[in-house]
Amino acid sequence: MAAMPTLLIVHHTPSPSMQAMLEAMLAGARDEAIEGVEVVVRPALAASAVDVLAADGYLLGTPVNIGYMSGALKHFFDQIYYPCLDATAGRPYALYVHGNSDTTGAIRGVETIATGLKWKRLREPLSIVGEVDATAREACWELGAMAAAGLMDG
């Protein structure tokens, strides 16, 4: 019997906006209609190469800090890049980002690293600027559900 596929959610959640986005992602990823997928959640400063190697897909979340991904998410990538470089090539990932004005630099930074890792982008990054309202939370729920459902067997 094959092991259950695992979705690893790596996040940096220092604000109420990022917390609301993470909670919506988790609700989507853990929806009862999605069966046979384990969802593992790790703060970016605690996630390790072991977590990445054990997962089948990734959902990454970061606020925009000074026009770039958070230092915590960058630290995560610094720690896992070489240990995971060849072993995780081709695995799917998705990204959600929150900023107060612009998310372009953070998205570009994550996508550059993910490209170097040879990860496959599942869809356009989810970029929320400003308030995390009901529409934004729904988009987060959909992203979480899509990322988990994409790992379901069959």
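This is a predicted model: local features need pLDDT of at least 70, side-chain atom pairs count only at pLDDT 80 or more; totals for chains, interfaces and linings use all residues.

Colleague: OK, how many helices and strands does the chain have?

Modeller: Five helices and seven strands. Starting at the N terminus, the order is β-α-β-α-β-β-α-β-α-β-β-α.

Colleague: And what are the spans of the C-alpha trace along its principal axes?

Modeller: About 45 × 35 × 25 Å.

Colleague: What share of the residues is buried?

Modeller: Buried residues are 50% of the 154 in the chain. As for contacts between residues at least 6 apart in sequence, 84% of them join residues at least 24 apart.

Colleague: Let's go to β1. Which way do its residues point?

Modeller: β1 covers residues 6-11, and six of its six residues are buried. T6, L8 and V10 point one way, while L7, I9 and H11 point the other way. In a regular strand, side chains alternate between the two faces of the sheet.

Colleague: Which strand does β1 pair with over six bridges, and is that parallel or antiparallel?

Modeller: That's β2, residues 38-43, and the pairing is parallel. One of the partners there is P43, which bridges to H11. To get from β1 to β2 the chain passes through helix α1, residues 16-29, and this β-α-β crossover is right-handed.

Colleague: How many bridges join β1 to β3?

Modeller: Five, and those two strands also run parallel. L7 sits opposite G57 of β3.

Colleague: New topic: where is I66, and is it buried or exposed?

Modeller: I66 is in the loop between β3 and β4. I66 has a relative accessible area of 89%, and the cut-off for exposed is over 50%, so I66 counts as exposed. Its C-alpha is 33 Å from that of A149, which is 83 residues away along the chain.

Colleague: Now the inside. Which residues touch the most other members of the largest nonpolar core?

Modeller: L60, F76, F77, I80 and W119, in a core of 29 residues. The elements that supply two or more residues to this core are β1, α2 (49-54), β3, α3, β5 and α4. Apart from that core there is another one of 26 residues, including A24, I34, Y96 and I128.

Colleague: Back to I80: what does I80 touch, leaving out residues up to four places away in sequence?

Modeller: I80 touches S48, A49, V52, L117 and W119.

Colleague: Which of its residues are buried?

Modeller: G105, A106, I107, G109, V110, E111, I113, A114 and L117. An α-helix has 3.6 residues a turn, so residues three or four places apart point the same way.

Colleague: What do the buried residues of α4 pack against?

Modeller: They pack against β3 (57-65), β4 (68-69), α3 (71-84), β5 (92-99), β6 (120-121) and β7 (126-129).

Colleague: And what comes just after α4?

Modeller: K118, which has a positive phi of about 65°.

Note on methods: Residues are numbered from 1 along each chain as its sequence is written. Side-chain values use heavy atoms; hydrogens and water are left out. Buried means under 20% relative accessible area, exposed over 50%, partly exposed in between (1.4 Å probe, protein chains only). Helices (H or I, at least four residues) and strands (E, at least two) are DSSP runs, numbered from the N terminus. Contact means heavy atoms within 4.5 Å. Two strands pair if DSSP finds at least two bridges between them. A crossover is right-handed if, with the strands pointing away from the viewer, the path from the first strand over the helix to the second runs clockwise. A nonpolar core is a set of buried Ala, Val, Leu, Ile, Met, Phe, Trp, Tyr and Cys residues joined through side-chain atoms within 4.5 Å.
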